[in-house]
Amino acid sequence: MAKILGNRIFKIFESNTAVKAFLLGLFFPIISWLITIFHSNAHITFAGLLQLHKDNPVLWIMDFMPLIFVLSVYLTSRKHLQEQKAFDKQIEERDARLNKMADFAKQIGEGNYETHLDIRSNNDVLAQSLLLMRENLRNNFQKESEQGWITEGKDIISNILRINNKIDELSDQVIASLVKYINVTQGALYIYDEENQLLRNVATYAYNRKKYINQEFKVGYGLIGECAYEMDYIYRTEIPDDYVSITSGILGDQKPQSILLVPLITDEKLQGVIEFATIQPEIPELTIRYLKELGEIIARTVFNLKVNQRTEQLLKESQMMTQELKENEEELQQNAEEMRATQEELRNSNEQLESKIQEVENAQKRLYSLLENASEIISIYNEKQQMVYESPSVTKILGYTPEEMMTGKDIDRLTRKGELSFKNLFKQLFEDPSTPITIQYTYMKKNGQKIFMESTGRNLLEDKAINGIIVNSTDITERKRAEKEERMKSKMQALSENSLDMIIRLSTAGQFFYANPVVEQFLRYEPKDIINKTLSDIKISAVLLNYFKSTINEIKASPKKLNAEITIPVRMQDEGQERIMSFNAIPEFNENELETILFVGHDITEAKRIELEIQDKNRKIEDSINYAERIQTSILPDNKIIREHLPKSFIYYKPRDVVSGDFPWFFKKDDEIYIAVVDCTGHGVPGALLSFIGYFLLNNIADHNTEQTAASVCNQLHYNVRKTLKQDRDDAEARDGMDIALCKINHKKKEVQFAGAHRPLYYINNGELEEFKGDRKAIGGIPHRKKPEQEFTNHVVKYKRGDRIFFFSDGLPDQLGGEDMKKYSPKRIKEAIVEQNNLTMEELNEFFYNDFENWRGSHKQIDDVLLIGIEF
């Protein structure tokens, strides 16, 4: 320890600071000596100094001042060194933590959502944010995977539904495909027979084999019938030991681990039920959601097939009835004579009865008027439960006449549950005649409206005046609606408590009636602290206060829903921030009078930030494309140069996007003129990149040899494109290439050579059109390994003065338009060239421009358009 201390002291003395401290401390003893020598007149010798120290002991203290100063510097330096080490350690720990977070973020970016990150403190905002980001990304990835799985499954079943028009064939394929796709053990499909009210098994599939099982279920009986009756899916994972007593369509005595039944419903009508069973302990929620969404698609198809089959059946029955009517026509004519005689007798009898009926009607009118305006319906049933009387008030309440009700409408318009309720009512009244029985049920009015009814029955069979069971029925729809509204208010209260949005209910005077927990984040008040207070009683940001006040005034003036976006200051984690909120202000009424206003605020700060980022990226992309357009435009041939050598010519060029995959090419060397229409694969930026390759390759080919034919140019271009795009390799995958119509013109020889790849040349001579077709292969592309390629065909035409040639890319004939949305077509181009032969080339260029635009109309241009016309 002494050695270490000595080393440290030595280091300190070596430093400038230690030297300065020693010199400063040396100042004090020297001054003390000089002052003492001056006052005592002593000699400056060792003995004299020693005597001075004896006479003045304080000098010994002054002699140690240099050492005291040096020691002070040492202690201060040591403390500073320790603090420096502690600070360096904190920096190293923070760097290590940041490296871990960076690695965690990298793992998330690479799709590893299971990576782990420790949080040492609740104040570690960055770590918590990274974990939250991981959870959000994992949830989004899961949702996208689930939606993709559902969409793929829908496509499989939709394809089966589209190609089959028989229910039996369709059912077999659907249930087999579904069992395999959702990976269950067994499946069955039941079709609902409306006439017999039965569910019939039409397809069963188990253990990868079709099963031949004939089963029928009544609605409401067994699991199949229960699913059909409730019109809702049934999912069970706890199967009781006595499951055999509950009929399951396909399982029999075998007990599965989980079963799922889904009704097939379209337009609120049952079409069937699909049933699945598996030995797995549960069926995933995603599978249930998929089958529920698929159920309506299958139901709609089954309904259409039923309609088609019913139509065919009715057609056959109609044909049979027509034949029977023809056979019975003579018999009907004979019976007509007998009926005329009978009608004469009935007419005489009716006259006698009318007088008696009039007397009865007068007596009934008085009773009818009383019963017609009653607020309840009075019905009387006999001991066989048949209606024998219905009060006239039924017309006002249900829309049916008493006669219609007595023919069965009292039961026909009931639900299955309502029928059971009525049967139980009669049963209890027969068992205990002295006790009235009250039931509630749903009834369908004549206009199709569903209402709730309450009926009270009394057994008055022993009453000679009634001699039946009297039932008093009342419409309780309003009462049910009020009860339901109260329940919904309770549910809405629970939903708003768990919402991530800020929800506030204010009176028209600005008083707080409700505030959910999210309010505390933005107003810095707990909900209980602001309930029943007004806006003026609490301190909130001026922006939010002004918004509440102005919105209340605006809704009071015009009660309607309002939306606004405002920026409000908030404090989150002891930091001031600004959040962008989207507020919906919804007026709430009580008896048509504005009572309160519901404010729902959604934080859209992050959405706005993302929107600005997208706008910035789009702007940069547009700038890049516009710059690419300037580059591409710079290499296109100048029309002035072309007209110097081909004065009667035009180029109609209309790219679909900013940059184009089609381009005109022109090259002049010696007496040879090369001109071509080149159509590269794709359009826009990809097509433009390929066009640069074609442009420079064509220039290089034409510049090196003037003796080659048009076909030779195409052949060389073909092989050079393959080489450039590395399509001549065994592992080549890129099939990009180009179509071309290329002409080589020699004015001295009055000769045009033509070669084409998928593109033709139209030659006009004395008003007659001759077509030279291009070869049926493209420039570039992956070669066929087993089939040798043919060279391009070289066509030679000797032209005369006034002859014309035209060649173009496929964007012109393929454009959709016109009244029937058909293609512009090569036929239309040929007709225009021949019929407009009297126009000059400039006029013909304008004609094609106008005709193409009129044909396209408001429809989108589908490809780049390029047309070149030349007159010799």
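Select E268 to begin. E268 is exposed, with a relative accessible area of 72%. Keep in mind that this is a predicted model.

**Stop 1: two positive phi angles**

Where does E268 sit? E268 is in the loop between strand 6 and strand 7. Check its backbone. E268 is not a glycine, yet its phi is positive, about 65°. Most residues other than glycine have a negative phi.

Now jump to H758. Its phi is also positive, near 70°, and H758 is a residue other than glycine. Look for H758 in the loop between strand 22 (751-757) and strand 23 (761-765). H758 counts as partly exposed because its relative accessibility is 37%, which falls between the 20% and 50% limits.

**Stop 2: the largest pocket**

Go to Y192, E194, Q197, V219 and L270. These residues lie nearest the centre of the largest pocket. The lining has 47 residues in total. The space in this pocket is about 2000 Å³. Colour the lining by residue type.

**Stop 3: the largest nonpolar core**

Which residues have the most contacts inside the largest nonpolar core? Select I157, V174, L178, F276, Y290, L291 and I298 to see them. The core holds 32 residues. Highlight helix 7 next. Helix 7 gives the most to this core, with 9 residues.

**Stop 4: the largest cavity**

How many cavities of 30 Å³ or more does the structure hold? There are 2. The largest has a volume of about 120 Å³. To find its centre, select E390, M405, F422, Y441 and S473, the closest of the 15 lining residues.

Next, show the elements around it. Strand 8 (377-381), strand 9 (387-390), helix 11 (402-412), strand 10 (437-444) and strand 12 (468-475) each bring at least two residues to the lining. Strand 8 gives the most, with 3 residues. Colour this lining by type as well. It divides into 11 nonpolar, 2 polar and 2 charged residues.

**Stop 5**

Select S393 in helix 10 (residues 393-398). Is S393 buried or exposed? S393 counts as buried because its relative accessibility is 0%, and buried means under 20%.

In sequence, E376 and S393 are 17 residues apart. In space, their C-alpha atoms are 6.8 Å apart. Zoom in on the side chain of S393. One of its polar atoms lies 2.7 Å from the backbone oxygen of E376. Then show S391. The side chains of S391 and S393 make a polar contact at 3.0 Å.

**Stop 6: cysteines**

Finish with the cysteines. A disulfide is a covalent bond between the sulfur atoms of two cysteines. How many disulfides does a search of the whole structure find? The search finds 0. Take C714, which is in no disulfide. Its nearest cysteine sulfur belongs to C743, and that sulfur is 9.7 Å away. A disulfide needs the two sulfur atoms within 2.5 Å. C714 counts as buried because its relative accessibility is 0%. Last, select C227. C227 counts as buried too, at 0% relative accessibility.

Definitions and conventions
Residues are numbered from 1 along each chain as its sequence is written. This is a predicted model: local features need pLDDT of at least 70, side-chain atom pairs count only at pLDDT 80 or more; totals for chains, interfaces and linings use all residues. Side-chain values use heavy atoms; hydrogens and water are left out. Buried means under 20% relative accessible area, exposed over 50%, partly exposed in between (1.4 Å probe, protein chains only). On a 1 Å grid over the protein atoms alone, a cavity is a set of points where a 1.4 Å probe fits but cannot get out, and a pocket is an open set with protein on both sides within 12 Å along at least five of seven lines; lining residues have an atom within 4 Å of a point. Grid points are joined across faces, edges and corners, and a volume is the space filled by probe spheres set on the points. Helices (H or I, at least four residues) and strands (E, at least two) are DSSP runs, numbered from the N terminus. Ala, Val, Leu, Ile, Met, Phe, Trp, Tyr, Cys and Pro count as nonpolar, Asp, Glu, Lys and Arg as charged, and the others, Gly among them, as polar. A polar contact is a pair of N or O atoms within 3.5 Å; within protein, one must be able to donate a hydrogen and the other to accept it, and residues adjacent in sequence count only if both atoms are side-chain atoms. A nonpolar core is a set of buried Ala, Val, Leu, Ile, Met, Phe, Trp, Tyr and Cys residues joined through side-chain atoms within 4.5 Å.
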